[in-house]
Protein chains: 2
Amino acid sequence: MNFSIYLPPQAEGGDVKLPLVYYLSGLTCNEQNFITKSGFQRYAAEQGVIVVGPDTSPRGVKVPGDDESWDFGVSAGFYLDAVNEPWAENYRMGSYLNKELYELILQAFSNVVDPERIGIMGHSMGGHGALVSALRNPGLYKSVSAFAPICNPSACPWGVKAFTGYLGEDKSLWAEWDATELVKKYDAPPLTLLIDQGSSDKFYIEKQLLPENLVEACRSSGVPVILNLRDGYDHSYFYISTYIGEHLAFHSKILKA
Amino acid sequence: MNFSIYLPPQAEGGDVKLPLVYYLSGLTCNEQNFITKSGFQRYAAEQGVIVVGPDTSPRGVKVPGDDESWDFGVSAGFYLDAVNEPWAENYRMGSYLNKELYELILQAFSNVVDPERIGIMGHSMGGHGALVSALRNPGLYKSVSAFAPICNPSACPWGVKAFTGYLGEDKSLWAEWDATELVKKYDAPPLTLLIDQGSSDKFYIEKQLLPENLVEACRSSGVPVILNLRDGYDHSYFYISTYIGEHLAFHSKILKA
């Protein structure tokens, strides 16, 4: 598994522990898209924040059918732990992200990472991954934000396809990996969800993302949520590059508080 | 031929004529690399500058041998007019850029482009193209800058290969497409050359770029030149994205003066 890590200038010398933010990418991506297209480095350098970018699925293992579609299998791991065969052995991105990689980063970069100041963000499928990771693991991530996240995968075509394939037909299991469902029973340290959404995003218009469902669930259960609807923006990295500085400032403010 | 054009918010309505800057890309690129990787849009929007990105060679025509190497033929047109066969008919990027595309842009975007305020910049092979285009066509470009340009192609391996292939063995013809040679006889409207160079750029270290030759020629002939040597930077778009804002501000200041 590849991942990227960005160490800001403040990490040089290694005598100060810095905040760290994970960035989870969307469908079809690997860890490279964000580092070449988002322009996050300038803002991470300004804020003194370490940024880690995992891959989007297992790589280097062949599971039958893993390359038949762009929204399932390779580069479409959905940051969950599959239980359905033939995916259950390898497609465990939930555990990879929140246990294996999380602990590896703390160990390998123990001289510069502050383990008490870790946040998570993501885009589209990665926005889903960020929200679900934060909501399922209270306290592991102190801040969370998402660009155009898949907010209610149990209720959209992408999510239904992925959850059926990875998790099977049991809807109660789906709810454990669905941000809108998780918010309804969230009872843990206060956490503000920052959601960003372009109003001209075709996947938003086609009801793949459903931020309205997440916002409604947050309001009914008292979880703080900020929804920034960005007039005219689409689903692309041009959109992310426009607002990535705002998101890193949001994380930085919470993590340095 | 594809090209990109970025119209900043100030162009909406079409009642103000804006400055325009051409950006010429380097070897292996097409018009997409700059728009996805440099992050220029934020700065062009701030400055109110239109940005046009041409391709790097003819496309869609098959010339024998045009895809045998990455530094000659397709995506390596060197922004000159070939005279050697089999290149002379199609590989005329100099005329394409400074006549055909230049006039097309003025006509197609006549409502927003100010024809008196046009600048040019580029990276690597495109830095060479920007410098040569400005020096060969006095007054056509009011401002010029370059990231890690091939400053003296007659004296580096990339340039010798390209010039031999496109222009033949006559060195006096080479001098007409070599910024360092053109500077020595430049006698036209004052023009300050802004050259940016990363100190850890492997092509700089390997003497493909030779900014020192251009600076020496500028000094001996009284052409103003600024050389910014950037400690530790390489040849990549990460480097460009760091300083693209400075370059657009440089152009904007001259073009709005």
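## How the two chains meet

Because 100% of the interface residues of chain A are also interface residues in chain B, the copies meet through the same surface. A rotation of 180° with 0.0 Å of shift along its axis places chain A on chain B, with an RMSD of 0.0 Å (least-squares superposition on C-alpha atoms of residues with pLDDT of at least 70 in both copies). This is therefore the relation of a two-fold axis. In chain A, A:Lys37 has the C-alpha nearest the axis, 2.6 Å from it.

## Basis of the model

This is a predicted model, in which local features need pLDDT of at least 70, side-chain atom pairs count only at pLDDT 80 or more, and totals for chains, interfaces and linings use all residues. Residues are numbered from 1 along each chain as its sequence is written, chains are lettered from A and ligands numbered from 1 in the order in which they are written, and side-chain values use heavy atoms, leaving out hydrogens and water.

## The sheet of chain B

Chain B has an open sheet of seven strands with mixed pairing, in the order β1-β3-β2-β4-β5-β6-β7. Strands are DSSP runs of E of at least two residues, and helices are runs of H or I of at least four, numbered from the N terminus. Two strands pair if DSSP finds at least two bridges between them. The edge strands, β1 (3-6) and β7 (225-230) of chain B, each pair on one side only.

Strand β2 (residues 18-24) of chain B pairs with β4 (residues 113-123) of chain B in the parallel sense over six bridges. B:Tyr22 stands opposite B:Ile120 in β4(B).

How values were computed:
Contact means heavy atoms within 4.5 Å.
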